[in-house]
Structure formats: C-alpha cells, structure tokens
Amino acid sequence: WLDTTSVYGPLATGAHELAVRLSGGSVHAAVLLLALVNATAFVVAGVALVRLAGSDPTRRARAALLWGANPLMLYVLVAGAHLDAQAIALAVVALALLPRRALLAGAVLGLAGAVKISFGLWGLAFLWALRRRPADALRCCLGAALALALTYGLTGGGAFDQVQVASRFVSPSTFWHPVYERLDAALPREDARQVVAVAAWCVIGLLALLLLRLLPRVDADDAAAVAARTAAALSLAWVLGAAYVLPWYDATAWALLAVLAPSVADWLLLVHTTSYGFWYVASRALAWPPGVAEWSSRRAP
C-alpha cells in the first residue's frame with residue numbers, strides 16, 4: 001500500500017491526512033477520528049432525509065427507518081466506518097438544495113464527488129430533474145465544476161490513477177466473477193477484464209431503464225423528487241449490475257429509496273445488501289465453515 005495512490009477523492013484523502021496529523025501518529029486514534037466523522041455524516045444524512053420526506057408522518061417514518069434505524073446500514077456502513085457516509089451526507093444535502101438553490105446544490109454535490117467520484121451518477125439525475133429549467137441546470141453544472149476544480153484541480157490527474165485501475169476489478173461475490181474466470185482462461189487478463197467491464201455497463205444501462213419503469217412515480221414539478229427517483233434507478237442499477245461491488249456501496253441506494261414510496265425495489269436491495277454483508281463481515285476474526293471458506297477464498301483479480 002505504500003506505493004498505491006488513494007482510490008478516493010481529494011476531499012476524502014485530505015480528511016485522512018488530517019486525522020493522521022491530529023492523532024499524533026497513533027493509528028488507533030486516527031481510525032477512531034475517522035469513524036466519528038463517518039458516524040456524524042450518517043446522522044446528518046438521516047436528518048436531511050427526514051426533512052426531504054416532508055410533513056407526511058408516514059413518509060418521515062419511512063425515511064428514518066430505512067436509513068437511521070436500518071440494521072444493515074448500521075452494520076455495513078457505520079460499524080464498518082466507511083467514508084461513503086460522508087459522500088452521501090453531502091449528496092443528500094445537495095438534493096435538498098436543488099429546487100431553489102441550484103448553484104449551491106451543484107457545488108455541494110461536487111464536494112460529494114470529491115469524496116467518491118462515483119457520485120457523478122447523482123449529477124446526471126440532477127440534470128434530468130432540471131431539464132425544463134435550463135438556467136438552473138447551467139447553475140448546477142457551474143457549481144459542481146467549481147467544487148471539482150478546487151479539489152481535483154489542486155491534486156492533479158494523479159487523483160484518478162487508482163480509480164482507473166480499480167474500475168477494471170471484479171468482485172469475487174458478484175455474478176460477473178465466474179464469467180471473468182472463464183474469460184481469463186481463454187483471453188489475456190486485461191482483455192478479459194475489458195470484456196466484463198463493457199458487458200457490465202450494458203447490464204447497468206438496461207437495469208436503469210427497467211428500474212425507471214418500476215420505481216414509484218413522483219411529481220414532475222418537484223425537482224428534488226425527480227432527481228431522487230432518477231438517482232435511485234441509476235444507483236440501484238449500479239450495485240446490481242456492476243462488476244466490482246462491496247456491500248456498503250448499497251448505502252447510496254438505501255438513502256434514495258428512503259424518500260420514495262415503497263416498491264419492490266426495497267426488497268431487491270434488502271436481499272442484495274444482506275447477502276453481500278455476509279461476504280464482507282466487519283472485523284471478522286472467526287473462521288468460516290469449510291465450504292464457505294473455500295468459496296470466499298477463490299482467486300480474485
């Protein structure tokens with residue numbers, strides 16, 4: 001790891017450096033600081049989601065339960081101390097700002113992208129929600145561009161080095177892994193990875209179209225609701241169809257479904273997060289049963 005650049009955005013990497021400096025060289029203290037930051041971000045996201053749910057007590061209760069009281073999120077995201085909580089908190093705040101303050105919404109979403117660049121998917125959803133308001137769409141783009149320029153611009157192109165490498169990985173727990181293994185036996189490794197990557201993007205696109213038909217309809221004049229629904233389709237399609245997925249990636253989809261009406265998508269995500277959560281157990285020190293151990297230790301790229 002000493003020669004591996006961070007896969008995360010400059011804002012996340014800066015927070016890591018600050019935590020290390022404040023900890024005085026103690027790894028335990030640095031990890032504790034980062035865990036506290038992530039837990040705080042989780043609470044901020046939860047408060048913002050409840051406010052986005054409006055005044056309807058049923059919708060507010062759903063937002064609180066699917067996020068703040070969701071044992072899967074507490075397990076894979078909070079207990080695991082993953083920085084996805086930071087990006088989600090920023091993205092949800094941006095979503096709340098979108099209807100009336102497009103410039104600021106774009107800037108805050110840009111900061112979310114400076115934590116994890118994958119939140120560019122939300123940017124597509126924001127633009128779709130503002131498609132009938134071109135001036136606001138332009139303001140949103142400008143805000144995001146400024147935030148990204150001030151973060152990635154200061155760190156240079158090296159910030160994307162590890163992202164480009166990781167984008168070709170295949171998780172052992174995805175349905176793509178057995179496909180990749182067979183291709184890897186017949187093709188050079190990089191060619192096999194490229195074929196899987198292209199196929200995965202095709203599946204993600206198809207799933208997004210299907211989910212847009214499946215997810216509950218929202219008021220077309222409510223920019224935040226339209227953006228949430230579109231981002232939910234894109235995010236859920238990503239975690240269901242991507243070649244490289246970890247269970248805490250599902251947190252993005254959980255946050256978005258929390259402000260939408262109940263649908264079969266809830267059950268799809270429940271099965272996905274639960275099954276993936278068993279693969280990646282936080283701080284697991286006990287050995288798996290023999291059959292599970294053999295499967296989980298299969299060769300990964």
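User: Is Cys141 buried, partly exposed or exposed?

Analyst: In this predicted model, Cys141 is partly exposed, having a relative accessible area of 37%.

User: How many disulfides does the structure hold?

Analyst: The general idea comes first. A disulfide is a covalent bond between the sulfur atoms of two cysteines. In this structure there are zero disulfides. For Cys140, the closest cysteine sulfur belongs to Cys141 and lies 5.9 Å away, which is too far for a bond. Seen from Cys141, the closest cysteine sulfur is that of Cys140, again at 5.9 Å and too far for a bond. The cut-off that this reasoning needs is 2.5 Å between the two sulfur atoms.

User: Where do Glu17 and Arg21 lie, and how accessible is Glu17?

Analyst: Both residues belong to helix 1, which covers residues 10-22, and they are four residues apart, about one turn of the helix. Glu17 is partly exposed, with a relative accessible area of 43%. Arg21 counts as exposed, at 63% relative accessibility.

User: Which residue meets Arg139 in a salt bridge?

Analyst: The partner is Asp136, and the N to O distance is 2.6 Å. Arg139 and Asp136 both lie in helix 8 (residues 134-155), three residues apart, about one turn of the helix. Arg139 is partly exposed, with a relative accessible area of 42%, whereas Asp136 counts as buried at 18%.

User: With which residue does Arg189 form a salt bridge, and which residues do salt bridges with shared partners join into one network?

Analyst: Arg189 pairs with Asp184, and their closest N and O atoms are 3.5 Å apart. Arg189 counts as partly exposed, at 36% relative accessibility, while Asp184 is buried, at 15%. As for the network, salt bridges that share partners join Arg133, Asp136 and Arg139.

User: How do the axes of helix 10 and helix 11 cross?

Analyst: The axes of helix 10 (residues 176-186) and helix 11 (residues 189-214) come within 9 Å and cross at roughly 145 degrees. The crossing is right-handed.

User: Which residues of helix 7 are buried, and which helices do they pack against?

Analyst: A residue is read as buried when its relative accessible area is under 20%. In helix 7 (residues 120-129), the buried residues are Leu121, Trp122, Gly123, Ala125, Phe126 and Ala129. They pack against helix 5 (84-97), helix 6 (102-113), helix 8, helix 12 (223-241) and helix 13 (251-257). Helix 8 is also the helix in which Arg139 and Asp136 lie.

Definitions and conventions: Residues numbered from 1 in each chain as written. Predicted model: local features only at pLDDT ≥ 70, side-chain atom pairs only at ≥ 80, totals over all residues. Heavy atoms only, no water. Helix = DSSP H or I, 4+ residues; strand = E, 2+ residues; numbered from the N terminus. Buried < 20%, exposed > 50% of the residue type's maximum accessible area, 1.4 Å probe, protein only. Salt bridge = Lys/Arg side-chain N within 4 Å of Asp/Glu carboxyl O. Contact = heavy atoms within 4.5 Å. Axes fitted to C-alpha atoms, helices over the stretch in contact; angles between N-to-C directions. Left-handed = near helix turned anticlockwise from the far one by under 90°.
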